[in-house]
Amino acid sequence: VHTSCAYTFESQFSSGTCSACRYTKASIGTEDYEEPKCHLCNQHGGFLVKSSAKPVSMKVWKKGSRRWNKSLFGGTKYCHAICAMWNEQSYIEHFENEPIAQCKEVIMSNGMSHITHQFRCVLCGMSNGIKADCSHPECRKSKEPWKYHISCARAAGFEINDDMKTCCFRHVDSSSVFRARLEDFLEVELCRLPDQTIRASAPISWDHASELFHAAVTVLRTLGWAWRWAEWWVKWGDNWEPLIEDHQNEADMTDEELKKVPSTPESRCADARRCRLAAFGAALRNRDYDKESGDDKAPLERALKAVLSTPSLVGPLKSKEIDFYVTWLSLAYHSKSSQLFFGDDKIPVANDSFCLHTADGSPKFELGKRPLPGKNRPEKGVFEPTVDEVDDFLTDSLPSLRVHSEGKKKWKNMKSSEHGSEPNTPNHPLDGSSVKSNNANEGGETSEEEFLE
């Protein structure tokens with residue numbers, strides 16, 4: 001965290017801890033202690049600041065009451081600074097030398113939910129917290145605009161600009177696509193070498209090693225979300241554009257010189273299945289390479305090499321470049337950095353809707369019955385024998401991003417079933433369980449409004 005972003009006055013920063021950590025140190029073990037967490041997203045840990053919000057009217061609220069303390073208005077609440085700063089209706093201000101996130105505009109009047117509670121985050125599938133909008137006009141005017149938690153977007157490699165603008169997978173700038181992040185990663189290595197030739201034996205300074213490690217964590221963290229974004233890449237590709245030097249003229253250059261790799265949705269689908277992109281993302285997320293001794297070595301390296309040998313995703317890489325990436329990405333995995341958001345540090349995701357495969361309802365974010373990518377040795381080349389596994393590539397009939405519309409659909413299915421007609425159910429239940437009536441009203445039936453509530 002930049003010191004200037006965290007605190008205005010150096011005396012407040014001298015402790016080296018955020019307000020949430022200081023609160024924990026002072027209050028842990030007391031009766032009223034509650035572990036600080038961001039109420040705007042689902043990411044555990046991270047730099048937290050105090051959050052403040054006041055209801056429009058205090059007529060229905062009593063400060064100090066149980067209801068008040070349990071609401072988002074009462075008690076001591078926290079959020080990530082980045083979550084507050086990158087949402088248009090919340091902001092950071094300073095009070096008594098400490099940053100406070102003002103969140104009154106993003107909390108519903110009931111004090112229990114946020115104003116975007118009817119939308120799912122397109123990444124984690126959760127409806128809680130506050131979701132930011134994609135800044136692209138096409139997304140803004142869409143019937144189902146892409147909304148996402150800032151922490152999810154940052155982890156998955158979406159574009160997060162310094163001017164407080166964000167863009168979804170489909171509309172990210174060319175400099176933010178996965179291939180471009182890999183190229184930036186390689187550029188760090190090439191710039192430190194006089195002849196710009198990769199040599200494993202070349203000496204390296206701590207500064208360069210730190211920069212390379214940070215880049216490796218960023219790239220591997222993005223791959224850990226491939227269980228979600230692989231289907232988008234298959235459908236739309238990416239916005240990668242070649243970097244043209246000042247002395248070059250793009251019109252005079254061939255596609256090979258520009259390192260363009262032509263592809264179609266069908267060819268990308270075949271590529272994603274061959275390198276097992278989505279399954280690899282699930283394996284990374286859950287640190288499945290730690291579960292059996294030795295899997296974090298040869299199998300992990302084989303899985304990485306398969307992904308890095310897919311030109312439509314990463315560009316045409318040389319063998320030395322692939323080896324460079326495999327070395328540093330393996331180091332990043334072995335570091336168990338909390339910034340990877342793998343294993344115990346992973347961001348929680350929904351166990352329903354688009355986080356499940358439409359064919360059998362199995363979680364996309366877990367390997368399940370799928371074999372570990374890289375576990376089987378390739379018969380030839382770098383790709384393991386073909387694995388017959390479920391995916392949602394090029395599938396159009398995916399669940400809605402709106403929680404309300406899903407609830408309304410389930411209510412209609414329930415009512416049609418009660419009247420003896422066949423419900424129009426999807427291939428799997430959206431919430432992993434059957435819908436049950438609570439018979440709350442006098443007539444013994446549940447109204448649509450009660451069910452949706």
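Predicted model: local features only at pLDDT ≥ 70, side-chain atom pairs only at ≥ 80, totals over all residues.
Me: Is strand β4 largely enclosed or exposed?
Reply: Strands (E, at least two residues) and helices (H or I, at least four) are DSSP runs numbered from the N terminus. Buried means under 20% relative accessible area, exposed over 50%, and partly exposed in between, with a 1.4 Å probe and protein chains only. Five of the five residues of β4 (residues 98-102) are buried, so this strand is largely enclosed by the rest of the structure.

Me: Which residues of β4 point the other way from Glu98, Ile100 and Gln102?
Reply: In a regular strand the side chains alternate between the two faces of the sheet. In β4, Glu98, Ile100 and Gln102 point one way, and the residues that point the other way are Pro99 and Ala101.

Me: Which residue of β4 is the bridge partner of serine 51?
Reply: Two strands pair if DSSP finds at least two bridges between them. Strand β1 (residues 48-52) and β4 pair in the parallel sense over three bridges. Serine 52 has glutamine 102 as its bridge partner in β4, and the partner of serine 51 is alanine 101.

Me: Which residue stands opposite glutamine 102 in the pairing of β3 with β4?
Reply: Strand β3 (residues 91-95) runs antiparallel to β4, and five bridges join them. In their hairpin, which has two residues between the strands, glutamate 96 takes a positive phi near 50°. The residue opposite glutamine 102 is tyrosine 91.

Me: Which residue in β2 is the bridge partner of lysine 50?
Reply: Strand β2 (residues 77-80) is joined to β1 by four bridges, and the two run antiparallel. The partner of lysine 50 in β2 is tyrosine 78.

Me: How many salt bridges does a search of the whole structure find?
Reply: Side chains of opposite charge can pair when their charged atoms come close. A salt bridge is a side-chain nitrogen of Lys or Arg within 4 Å of a carboxyl oxygen of Asp or Glu. With this criterion, the number found in the whole structure is 20.

Me: How far apart are the closest N and O atoms of arginine 192 and glutamate 189?
Reply: Both arginine 192 and glutamate 189 are buried. The two form a salt bridge in which the closest N and O atoms are separated by 2.8 Å.

Me: Why are aspartate 271 and arginine 274 separated by about one helical turn, and what is the N to O distance of their salt bridge?
Reply: The two residues are three apart in helix α12 (residues 265-275), and therefore about one helical turn lies between them. Aspartate 271 is buried at 13% relative accessibility, whereas arginine 274 is partly exposed at 39%. Their closest N and O atoms are apart by 2.4 Å.

Me: What is the C-alpha separation of isoleucine 198 and phenylalanine 324?
Reply: Isoleucine 198 is in the loop between α8 and α9 (206-223), and is buried at 14% relative accessibility. Isoleucine 198 and phenylalanine 324 are 126 residues apart in sequence, yet their C-alpha distance is 7.9 Å.

Me: What is the relative accessibility of serine 353, a residue with positive phi?
Reply: Most residues other than glycine have a negative phi, and most peptide bonds are trans. Serine 353, however, has a phi near 50°, and its place is in the loop between α16 (319-335) and α17 (403-418). Serine 353 counts as buried, because its relative accessibility is 1%.

Me: Where is lysine 259, which has a positive phi?
Reply: Lysine 259 is not a glycine, but has a positive phi of about 60°. At 42% relative accessibility, lysine 259 is partly exposed. Its place is the loop between α11 (255-258) and α12.

Technical notes:
Residues numbered from 1 in each chain as written. Heavy atoms only, no water.
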